[in-house]
Amino acid sequence: MKWTGCLVVNTNGKNIKKEELPPLRLHSVLQEFARTSASINTWKGKKESVQNTCLLSKLLTLQEVDLWRVQWCLGQHLLLGSPPIPLHWLWYADANSTAKIMLKCYDDEEALAILDAALMLTGIDDGVIHHHHHLDLQAPRPVPEPYPDIVKIGRRKLITRTWSVDLVMDALQDQGFLNTAKREAISICGVQTDKNRALVDMLPRKGSKAHIAFYKALSQSDPFFLQELQDDLNTESLSELESSGPPVSIDILDFLVLDEFKSFQWLVRDHMSGGNLPPTGEEPLQHSETSVTLRLLGKQLDRHAVNIMQKVVPTIGFCLPGQAVTSQRLPDIREETADTPAVELTPEVFEDCHMFRLCCQQMGVFRCSLTGLLLEGFGELVYQIIPWDVGFLSSKGLRPAGPLFRFTLLTGSFHRLHLPHCQLLADGGRHSLSVAHVTVDSVHFITPGQVTEGHAIINISSFSCFGLVAPEESSNKMKGLMLLFHQPRNNLLFVVLLPRNICLTQVMKEWKRRTGAEYVESIPDCELIPNQSYKLSGEPAVSIYPESSKFLNFNDYTNFLPSFQVHLAADVRTVALHLKTHVNQLRLIGWLFGISESVVWHGFVNLTVAVSSLSTEDSVDVTLLLLKVLNSVGLDDVKTFQRLLSLHSDPIPVSRLEAADRTRTVDLMVQQYQTEGAKQIAEEILRMMDYNQLADQLQRK
């Protein structure tokens, strides 16, 4: 038996299927369940009834794969007023344990209603008799006593675990702790963790009443997550955090989310030389665990480390005695740089290609060679690309017109920012661009002071988030890119149409991760029209799919979907491509006047990697590495790993994983995600399962 939070989960039992049991044995299983579950205190303290055995009997009829699907559904909001069960509570659960967990979370009637909803959602329910016809909305759940400093101490868990942030924001807004402007500043982020981070980091500045209101809202929307969070915190010692010891302690480092922790290691490593410190370089510090990082930092770097940490996470000032929260407001050091020629600099790039670090030693105009950003001023800063919430912008009648950048100033001062755009300006320089300026408290859409052929220019007094937007209905021509990626193993050439102001480094990294395809070249001299259909022809080419494709990638700066897939013969090294506009006219008009097509680009493309010369050494090395990792965990954990693979955003079907052993699982991952993608996804899942050392081993290879 294994304890997970306050829940008892059987880690060794196999799922018992009803058809495998004789009637007497099934009856004894149900009796045993009724006897043991009678001792479980349900969430609301209600006495359990004979319907418990009905719940179990339904679960016992499910095949293992169907049980997995039902358990996934239990982690969703299936019925109004019934919060979801955290999915990892069900990772090891068989039918018996699943029933006990459900009854721990819901009363009898509610549990049966949710199970029936899950069966209907998965298509398993084919006319079973329902034991309820109407489920009254439950009264508000009792609010447990607020845990002291749960927002401060539990920050990392609150940010990384998925919970109903919209429901919590509704409650905080109703009570006056969250206004419309602040909610917009949270909603503009496109990733759940960024939304969670913005809301959680707001609370310490709002005071104890906001803290209590947040706690109450979370107890109603996600009570099981809150219960688990409390159980986790009850097992952790807070003594070091409350002591007057060194400001950088292992508790403070645990305050950081994984991406913040990695950023902190990356930024602080330059100061790890000389003195009595060991020679660390990049690898030992950047990929070390919390305790090793603390040891490598040493006491003499406490003040500097805290300063960097406050730059990465300003909210941490509330957790450090005697430390003020740092501001990103820039000192008023201005020097006219309008006529100064731009100096191109190549920034240092963080491993995921989403974060960049630029050092400008003296006052001037500096151009980032990877993102196209121009900055006027001097100093050192870090900037990263974060996804937009396209739905939020659409509600404002807007769409992205460039990446959303989040800036962190480390030293110095900058007074002007040039954001790259791809819009073709009308006569007189007319444009429809606005700049979204996102602060911790609001979102402002401002008109650029000047728009040149390549940049929208604004004056800045502080650093936060900036990104270009345009009216949603805008369909003017834009400067575009045609990117080519070659997958020699399958003789495929992918053609990707994108706006000109995309971050090419990010696209290359993402395509390598997703497909293993090699970047061939980018063709910048393309004028593209949003939602316009285009047609690609090539010689020689076995086939091109689809026949025509709309240019849709203008609307999102994080999904780099292919427009065309060209199947080549095995020995092809050079291919001629023609990209044309494609207009679907009426057949009669086309017969009379001809099809209206115009050439966007044509030319020859050299494929530098021939199929016959492709080395498989990297693929073999990654396969062996992944197999070694899976061989180092138990069978139950392999099953959990497989289940999380089936729940990934690009999932491997459950039916293929059902009978897969460790070797077959690795083969399926490499087939689905290619070598780099399989390695990265394995690392993500291992961290979800708290196998951080194994994940670090994968990352270092």
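Reader: Of the 701 residues of the protein, what percentage count as buried?

Author: This is a predicted model, in which local features need pLDDT of at least 70 and side-chain atom pairs count only at pLDDT 80 or more, while totals for chains, interfaces and linings use all residues. Residues are numbered from 1 along each chain as its sequence is written, and side-chain values use heavy atoms, with hydrogens and water left out. Buried means under 20% relative accessible area, exposed over 50%, and partly exposed in between (1.4 Å probe, protein chains only). Of the 701 residues, the share that counts as buried is 51%.

Reader: What average pLDDT does the protein have?

Author: The pLDDT is the predictor's confidence in each residue, from 0 to 100. In the protein, 74% of the residues score at least 70, and the average is 77.

Reader: Over residues 273-283, how many contacts does the model have beyond near neighbours in sequence?

Author: The pLDDT of this stretch is below 50. Where pLDDT is low, the predicted coordinates should not be read in detail. With contact meaning heavy atoms within 4.5 Å, the number for residues 273-283 beyond near neighbours in sequence is 14.

Reader: How many helices and how many strands does the protein have?

Author: Helices (H or I, at least four residues) and strands (E, at least two) are DSSP runs, numbered from the N terminus. On that basis, the secondary structure comes to 26 helices and 21 strands.

Reader: Why is strand 14 described as largely enclosed by the rest of the structure?

Author: Strand 14 covers residues 492-499. It is largely enclosed because the buried residues in this strand number eight of the eight.

Reader: Which residue of strand 14 stands opposite L481?

Author: Two strands pair if DSSP finds at least two bridges between them. Strand 13 (residues 478-487) pairs with strand 14 in the antiparallel sense over eight bridges. The two strands form a hairpin with four residues between them. Opposite L481 stands L498.

Reader: Which residue in strand 19 is the bridge partner of V495?

Author: Strand 14 also pairs with strand 19 (residues 564-567), in the antiparallel sense and over four bridges. The bridge partner of V495 in strand 19 is F564.

Reader: Is N491 buried or exposed?

Author: N491 lies in the loop between strand 13 and strand 14. Although N491 is not a glycine, its phi is positive, at about 55°. Because its relative accessible area is 16%, N491 is buried.

Reader: What is the relative accessible area of N531?

Author: N531 is found in the loop between strand 15 (518-528) and strand 16. N531 is not a glycine, yet it has a positive phi of about 65°. It is partly exposed, with a relative accessible area of 42%.

Reader: What is the omega of the cis peptide bond that joins Y545 and P546?

Author: P546 belongs to the loop between strand 17 and strand 18 (548-550). Another cis peptide bond runs from E539 to P540, with omega near 0°. For the bond between Y545 and P546, omega is about -5°.

Reader: What is the distance between the C-alpha atoms of I153 and D254?

Author: I153 is in helix 6 (residues 150-153). At 19% relative accessibility, I153 counts as buried. D254 is 101 residues away along the chain, and the two C-alpha atoms are separated by 9.0 Å.
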